[in-house]
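Let us read this model together, one feature at a time.

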Amino acid sequence: MNLKGISIFLLLIFSMCEAQTTKLNSLSEQFLEKIKKGENTEYLQEQLAKIDLEELANTLKTDEQKIAFWINLYNAYIQVILKKSPELYENRNDFFSRNQIIIAENEISFDKIEHGIIRKSKSKLGLGYLKKSFPNGFEKLLRVENPDYRIHFALNCGAKDCPPIAIYSPIDLHHQLAKSTTYFLKSSTTFDTTQNKVFVSSVFSWFRGDFGGKDGSLKILKEQDLIPTTRGVAIDYKEYNWTLDLGNFIEF
């Protein structure tokens, strides 16, 4: 390949990366980076609140862009809100369902982000099998097309047993989610050879349909080399530790 050909090739690669990384994705990454450094984020929150809804929908076009953006926002606002008002965590059901995050002039909840947008209008209490009956226009406009079960190993709800917080980019999303999945599962899974039983996070129970039920869960664990086989292995769900644990960052 001559110099001109190399230049064209590099330009195409650069253009592809630019197409994947939007201004809004960069904004969400800055938000978490500043939280990690202990810096003020009020002006970033104001920008997110004032974004035009149509611009938001038109900018985040791919599932990679949407998933990275919304994971970062979810994890960022958990930190911001609970550092300011940790007492809100005493009633977790109210905390996650309360409209307290302003995005594109819409006040939304953590549940809206997780179950409405990232999980594509799945019922919070449907064990991953039931869809919402009447999703509103906001989530229908912004939700992902093809949900990815690995988001459960990336969303940090503020508890000690939650996955650590990474800063996600649409360009590296699949690599990062693979890393976060391996990290979380290896740190939270125990296999008892004498009982032929695997002890896993309660996340596998709450969203079992997202993982493909018991068979799908075992397949995932086998792929991670956490169980020797999927045949005859029983699953037991560990009790979740809801102790508040903020500032748990990691790099993937």
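**Reading the model, feature by feature**

Q: Where is Glu 105 found?

A: Glu 105 is found in the loop between β1 and β2. Strand and helix names come from DSSP runs numbered from the N terminus: helices are H or I with at least four residues, strands are E with at least two. Please keep in mind that this is a predicted model: local features need pLDDT of at least 70, side-chain atom pairs count only at pLDDT 80 or more, and totals for chains, interfaces and linings use all residues. Residues are numbered from 1 along each chain as its sequence is written, and side-chain values use heavy atoms, leaving out hydrogens and water.

Q: Is Glu 105 buried or exposed?

A: Relative accessible area decides: under 20% is buried, over 50% exposed, and in between partly exposed (1.4 Å probe, protein chains only). Glu 105 counts as exposed because its relative accessible area is 66%.

Q: What is the phi of Ala 104?

A: Ala 104 has a phi near 55 degrees, a positive value in a residue other than glycine. Glu 105, not a glycine either, has a positive phi of about 65 degrees.

Q: How do I read a nonpolar core, and which residues of the largest one touch the most other members?

A: A core is a set of buried Ala, Val, Leu, Ile, Met, Phe, Trp, Tyr and Cys residues joined through side-chain atoms within 4.5 Å. The largest one here has 67 residues, and those touching the most other members are Leu 48, Leu 56, Trp 70, Ile 71, Tyr 77, Ile 103 and Phe 110. Helix α5 (residues 63-84) gives the most to this core, with 12 residues.

Q: Which residues does Ile 103 touch?

A: A contact means heavy atoms within 4.5 Å. Leaving aside residues up to four places away in sequence, Ile 103 touches Leu 48, Ala 49, Leu 56, Trp 70, Leu 73, Tyr 77, Ile 108 and Phe 138.

Q: What does Ser 28 touch?

A: Ser 28 sits in helix α2 (residues 23-37) and counts as buried because its relative accessibility is 0%. Not counting residues up to four places away in sequence, Ser 28 touches Ala 68, Phe 69, Asn 72 and Leu 73.

Q: How many disulfides does a search of the whole structure find?

A: A disulfide is a covalent bond between the sulfur atoms of two cysteines. The criterion used is a pair of cysteine sulfur atoms within 2.5 Å. The search of the whole structure gives 1: Cys 157 and Cys 162, with sulfur atoms 2.3 Å apart. Both Cys 157 and Cys 162 are buried.

Q: In what order do the strands of the open sheet lie?

A: Two strands pair if DSSP finds at least two bridges between them. Here 3 strands form an open sheet in the order β3-β4-β5, with mixed pairing. β3 (190-192) and β5 are the edge strands, each pairing on one side only. From one strand to the next, the twist averages 25 degrees.

Q: Which residues are bridge partners across β3, β4 and β5?

A: β3 and β4 pair in the antiparallel sense over 3 bridges, with Phe 191 partnered by Val 198 in β4. These two strands form a hairpin with 4 residues between them, and Asn 196 in the turn has a positive phi of about 50 degrees. β4 and β5 run parallel, joined by 4 bridges; Lys 197 has Ala 234 in β5 as its bridge partner.

Q: What packs on this sheet?

A: α11 does, touching β4 and β5, and its direction makes about 90 degrees with that of β5. Such axes are lines fitted to C-alpha atoms, for helices over the stretch in contact, with angles from 0 to 180 degrees between N-to-C directions. In α11 (residues 213-223), the buried residues are Gly 213, Gly 216, Ser 217, Leu 218, Ile 220 and Leu 221. Their cover includes α9 (173-188), β4 (197-200), α10 (203-206) and β5 (234-237).

Q: Which residues of β4 are on its covered face?

A: In a regular strand the side chains alternate between the two faces of the sheet. In β4, Val 198 and Val 200 form the covered face, while Lys 197 and Phe 199 form the uncovered one.
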